[in-house]
Every structure is written in structure tokens, then in C-alpha cells.
Amino acid sequence: TARVAFTGWQAPSAAGRRAVWCRNSATPRQAALAPEVTKLFFQKAKGDQEEAVRFQVASSVSAVAEVYASLLLRRRRQKPGSRSVIFVPQLSRGEEIHRVLQEHGLKASLLSHRSTETSPFDSVIVCLYGSIHRLAGCRFDVKIIDEAFGLRHSTKTKAKVQAVPASLVAEFSFTFGTEEVDYRYSMHQALDADELHPV
């Protein structure tokens, strides 16, 4: 699993995962962040739903939603007619992400305890973790897991998320477990290995 940190250097894990430097999305370069993360995602994604590309995000919901929109718009250009799903933990996050996606011209529906209908014409479904069971039998081209760190505490929800098949998977989270970080790996080693990419 690849890791990308928006806010600074993250050492790679002992399992060989590498981190990539990106500027904080609250900076004036926020507009450049979405295309950069999108580019990194498609470079690292393997087309195998078992291998998620992980992005560590310290940013507002709307800024993260801009990244999601950029990623999904590019995939729609590559593969017209593809359908994607974004799993979110809370209704308020889902509503904000849904709003931003629609502002970018993506046909999206929000699947929650309040809204249980989706349209076959929607290219994106924003689904609350608690409504995953409504997607039984569905397959998606891209699966985005928002606030993925929360799945560490719920193996049942994590299993449900993993049971929804997709060709490409991205995990976005404010933090990932410290057990995944190898602090012995220095910034100099990362530079020597060409693993550090400032934007």
C-alpha cells in the first residue's frame, strides 16, 4: 500500500510502503493539490482491489472532496460509464462531499439512513458506513474510503467495506496507525531513493 502525506514527511512503513511529500492543502496551492494527488493515485493504483493507495490528509472536508472530484473526473474520462463509490463515516461529511461532486458536474447520490434511493444513471454513490449493506451485489470501478482510520476500531464495518468489489481503491485518512511507520527511515534515504516529491 502506498502512502501519501499532504502535510509533510512521513517515513515509510517497515513493510516497504513509501510516503510522498505534498504541500498542506490549506495553502494557496490548494488548487494544484487535487491534480497532483490524482496523478499520484493513477501512478500507484494497481487495478487490484486488494491493494489500496493510502493518502494521509490533514485538510477540510471540502478540500478533500475537491481531490475526490478530480480523481473521479479523470477516471470518467479514461473509462466513460464507470461507477464509483465513496464510503463516509458521517452524514455531514457525506452531504459536503456530495455537494462538491455535484458542483463538478458528477451525477452523484447520497445513500444514508435518510436517503435509500440511488439512480443507475449516477456515476458516484456517496455511502455512509451504516448503509453499506444496501450495496450488496454492486461492483464499482473506483472505491474511495473516507476517514479510513476509523475502520481500525470496527472490524465488522471494515469487512463490509472490503466486501464491496472495485478495480481501484483509495483510502483517505487524517491519520494511520503508528505501527505502519518506520521512523528509522531518514529523509536522506528517501531523497536517495527518489521517494520524496515536493510540490
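Helices (H or I, at least four residues) and strands (E, at least two) are DSSP runs, numbered from the N terminus. By that rule Arg75 lies in helix H2.

The structure is a predicted model, in which local features need pLDDT of at least 70, side-chain atom pairs count only at pLDDT 80 or more, and totals for chains, interfaces and linings use all residues. Residues are numbered from 1 along each chain as its sequence is written, and side-chain values use heavy atoms, with hydrogens and water left out.

Buried means under 20% relative accessible area, exposed over 50%, and partly exposed in between (1.4 Å probe, protein chains only).

| Residue | Relative accessible area | Class |
|---|---|---|
| Arg75 | 15% | buried |
| Arg134 | 36% | partly exposed |

Leaving aside neighbours within four places in sequence, Arg75 is in contact (heavy atoms within 4.5 Å) with Phe42, Ser82, Asp141, Val142 and Leu168.

Arg134 sits in the loop between strand E5 (124-128) and strand E6 (140-145). Its C-alpha is 8.3 Å from that of Leu111, although the two are 23 residues apart in sequence.

Helix H3 covers residues 91-103. The expected span of a helix is 1.5 Å times one less than its number of residues; for the 13 residues of H3 this gives 18 Å, and the end C-alpha atoms are 18 Å apart, which agrees. Leu91, Arg93, Gly94, Ile97, His98, Val100 and Leu101 are the buried residues of H3. They pack against helix H2 (61-78), strand E3 (84-88), strand E4 (108-111) and E5. Just after H3, Gly105 has a positive phi of about 85°.
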